[in-house]
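The structure under discussion is shown below.

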Amino acid sequence: MSTALRGVTSHDVTSFLAAHDLPEPAGAPRRSPAGMVGNTPVLWVGEPFNPPGRGFWAKLEGANPGGIKDRAALHMVDAARKRGALPPGAPIIESTSGTLGLGLALAGITYGHPVTVVSDPGMEPLMVHQLRALGAHVDVVTEPAPRGGWQEARRRRVSELLARTPAAWCPDQYNNPDNTAAYASLALELVVQLGRVDVLVAAVGTGGHSAGVARTLRAFNPQLRLVGVDSVHSTVFGQPDGPRLMRGLGSSIHPRNVDHAAFDEVHWVAPQEAVWASRRLARGHCASGGWSVGAVALVANWLVRTEPERTRIAAVFPDGVHRYWDTVYSDDYCRRHHLLRRSPASEPDEIADPAECVVERWTRCTTVTAPEGAAR
């Protein structure tokens with residue numbers, strides 16, 4: 001430190017910032033990588049994505065080192081260690097499409113556990129390289145299961161690896177209640193940052209963050225409305241299973257962490273619609289993400305246009321743009337998959353019941369019940 005800076009006080013810094021019209025510096029220095037998780041920013045998304053004078057608040061979970069699931073990974077590992085389910089130094093093995101893998105790699109670094117993540121050929125090369133750089137072993141299944149597709153194939157592979165490694169522990173993100181509990185912190189941050197949330201818009205895959213955030217927010221506002229955002233060809237809300245291009249939302253199985261009773265409505269979104277919204281957000285607001293972010297933003301935009309003017313809408317953006325450079329933001333990829341079509345319809349289709357028809361585009365339903373086969 002230079003002699004000129006010795007003895008500088010926080011008052012000196014505050015005075016300097018005020019005199020030069022500069023923002024306050026970011027949070028305190030961190031002594032552990034896990035300390036970088038949480039306290040993510042909230043951004044007002046108004047024009048040009050939304051109509052003049054209207055908008056929603058986006059919780060930018062891409063500001064975490066790996067994304068929203070850093071919270072769940074750290075919490076599940078910590079809770080398992082405290083109750084003795086995960087001995088010191090024991091291996092962690094889990095199925096993931098990507099983001100939880102980054103969180104588990106962070107947890108492995110933080111707590112000293114080797115991590116194996118089981119994925120499938122759809123995992124982006126950037127994600128594979130990043131996981132390996134963080135010290136995780138990536139095990140890729142080669143064939144989808146006849147029922148449950150790639151997701152079920154990954155789970156079966158996890159079971160095989162666990163059988164071979166008796167000391168290993170699996171977080172089981174789909175059914176572990178610690179996954180849901182991890183997101184109380186996100187909800188409390190929203191309360192501090194926004195004061196009140198009337199409508200929460202959240203993507204649904206394992207069901208962890210939608211259930212955990214809504215449960216805590218309703219302790220402050222029992223009238224909160226929860227709007228779930230799913231992928232077409234996902235079984236979460238009673239549609240039939242089918243091939244899904246989008247990763248990070250939707251499911252081919254029935255995770256117990258999905259709290260169906262908590263939702264007021266659900267929207268299914270197709271890949272081309274999510275791409276359109278993600279790219280428009282990036283151009284207009286310099287803050288976007290992948291499939292989940294695009295799908296959530298599309299629905300939040302509709303709510304902005306249809307809800308009463310003073311309704312405070314918060315949308316959870318689970319990650320950022322970097323993972324998707326060769327998918328959502330690649331013109332070649334999007335052309336191959338016919339994703340660069342005209343902009344989505346201004347309104348969703350409406351169905352009275354999830355079993356009414358197989359949806360192929362943006363569709364809304366206000367009847368939300370646990371589908372047959374889902375754990376209750």
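## Helix 9 and its surroundings

The buried residues of helix 9 lie against strand 1, strand 8 (265-269), helix 10 (291-306), strand 9 and helix 11 (331-336); packing here denotes contact, that is, heavy atoms within 4.5 Å. The model is predicted: local features need pLDDT of at least 70 and side-chain atom pairs count only at pLDDT 80 or more, whereas totals for chains, interfaces and linings use all residues. Residues are numbered from 1 along each chain as its sequence is written, and side-chain values use heavy atoms, with hydrogens and water left out. Helices (H or I, at least four residues) and strands (E, at least two) are DSSP runs, numbered from the N terminus.

The buried set of helix 9 consists of P271, E273, A274, V275, A277, S278, R279, L281 and H285. Buried means under 20% relative accessible area, exposed over 50%, and partly exposed in between, with a 1.4 Å probe and protein chains only. Helix 9 covers residues 271-285, and its 15 residues reach 21 Å from the first C-alpha to the last, close to the 21 Å expected at 1.5 Å a residue. The expected span is 1.5 Å times one less than the number of residues in the helix. After helix 9 comes C286, which has a positive phi near 55°.

## The contact between helix 9 and helix 10

Two packed helices are described by the angle between their axes and the distance between the axes. For helix 9 and helix 10, the axes come within 7 Å and cross at roughly 85°. Axes are lines fitted to C-alpha atoms, for helices over the stretch in contact, and angles run from 0 to 180 degrees between N-to-C directions. Helix 9 and helix 10 are therefore roughly perpendicular to each other, where angles under 35 degrees count as roughly parallel, over 145 as roughly antiparallel, 65 to 115 as roughly perpendicular and the rest as oblique.

On the helix 9 side, the contact involves P271, E273, A274, V275, W276, A277, S278 and L281, which meet W291, V293, G294, A295, A297 and L298 in helix 10. The residues of this contact divide into 11 nonpolar, two polar and one charged. In this division, Ala, Val, Leu, Ile, Met, Phe, Trp, Tyr, Cys and Pro count as nonpolar, Asp, Glu, Lys and Arg as charged, and the others, Gly among them, as polar.

Eight strands form an open sheet of mixed pairing, in the order 1-2-9-6-7-8-11-10. Its edges are strand 1 (42-45) and strand 10 (349-350), each of which pairs on one side only. Two strands pair if DSSP finds at least two bridges between them.

Strand 2 (residues 56-60) runs parallel to strand 9 (residues 313-317), and four bridges join them. Within this pair, K59 has V316 as its bridge partner, and L60 stands opposite F317. Strand 6 (residues 199-203) is also parallel to strand 9, joined by three bridges; here V199 is the bridge partner of I313.

Five of the five residues of strand 9 are buried, so this strand is largely enclosed by the rest of the structure. Both of its faces are covered, with I313, A315 and F317 on one side and A314 and V316 on the other.

## Helix 8

Helix 8 (residues 208-220) has 13 residues and reaches 19 Å between its end C-alpha atoms, close to the expected 18 Å. Its buried residues are G208, H209, S210, A211, G212, V213, A214, T216 and L217. These pack against helix 6 (177-181), helix 7 (184-194), strand 6, strand 7 (225-231) and strand 9.

Strand 3 and strand 4 pair over four bridges, and S95 has V118 in strand 4 as its bridge partner.

Helix 3 is followed by G112, with a positive phi near 80°.
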